[in-house]
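Dear colleague,

Please find below the structure that I promised to pass on to you. My notes on it follow, and I would be grateful if you read them with the structure open.

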Amino acid sequence: MILQIVNIGAGALLTSTVIKKHVPSAENFFTKVQPYEAGFGVVVLVLGVMGLLQRLGIFYFSFSLGASFPQALPAIASGLLLGAPLLSRYAAFKTASDKLQEYSTYVGMICILVGLGSLLFGCVSPVLCRMPF
């Protein structure tokens, strides 16, 4: 469940321009959060890579990340975009974040949809609906 929540938060930060356009009162929140955006991006990137490693069966951690491919891949992409100011000194990270930059709003929307979808239908639905799938 960690990756789902992180994806929703990263998606909100990536789509902040759209959110501010429709919810003007959110401007204050995003202004206060902006100094921590790059650090949060690095954390999201690390959690996404950890989730991918766990999902591929390469390495297992003592805690559950709620890892799946639809959770790990958007987390890696959003981590590269948000953490770009801190990761730009490394050529590989800079190249990847530069290529993703034009799609940042779409990556943010995907993160929100995947995170919410997984929380609603992957975590909550089996608890509420005892149907065999």
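**Helix packing and selected residues**

Helix α1 passes α5 in a left-handed crossing. Please bear in mind that this is a predicted model.

Two packed helices are described by the angle between their axes and the distance between the axes. For α1, which covers residues 2-14, and α5, the angle is about 40° and the axes lie 10 Å apart.

How do α4 and α5 pack? Their angle is about 150°, with 7 Å between the axes. An angle over 145 degrees counts as roughly antiparallel, so α4 is roughly antiparallel to α5. The crossing of α4 and α5 is left-handed.

Between α4 (37-56) and α5 (69-82) there is a loop, and Ile 58 is located in it. Is Ile 58 buried or exposed? Its relative accessibility is 58%, and because the cut-off for exposed is over 50%, Ile 58 counts as exposed. Ile 58 also contributes to a nonpolar surface patch of about 500 Å², together with Leu 56, Phe 59, Phe 69 and Leu 73.

Another isoleucine, Ile 19, belongs to helix α2, residues 16-22. With a relative accessible area of 26%, Ile 19 is partly exposed, since that value lies between the limits of 20% and 50%. Ile 19 and Phe 30 are separated by 11 residues in sequence, and their C-alpha atoms are 9.7 Å apart in space.

Yours sincerely

Terms used:
Residues are numbered from 1 along each chain as its sequence is written. This is a predicted model: local features need pLDDT of at least 70, side-chain atom pairs count only at pLDDT 80 or more; totals for chains, interfaces and linings use all residues. Side-chain values use heavy atoms; hydrogens and water are left out. Patches are made of residues with over 30% relative accessible area and no salt bridge: like charges are joined within 9 Å, nonpolar side chains (Val, Leu, Ile, Met, Phe, Trp, Tyr) within 5 Å. Accessible areas come from the Shrake-Rupley method with a 1.4 Å probe; for residues, only the protein chains shown count as cover. A salt bridge is a side-chain nitrogen of Lys or Arg within 4 Å of a carboxyl oxygen of Asp or Glu. Helices (H or I, at least four residues) and strands (E, at least two) are DSSP runs, numbered from the N terminus. Buried means under 20% relative accessible area, exposed over 50%, partly exposed in between (1.4 Å probe, protein chains only). Axes are lines fitted to C-alpha atoms, for helices over the stretch in contact, and angles run from 0 to 180 degrees between N-to-C directions. A crossing is left-handed if the near helix is turned anticlockwise from the far one by less than a right angle, and right-handed if clockwise. Angles under 35 degrees count as roughly parallel, over 145 as roughly antiparallel, 65 to 115 as roughly perpendicular and the rest as oblique.
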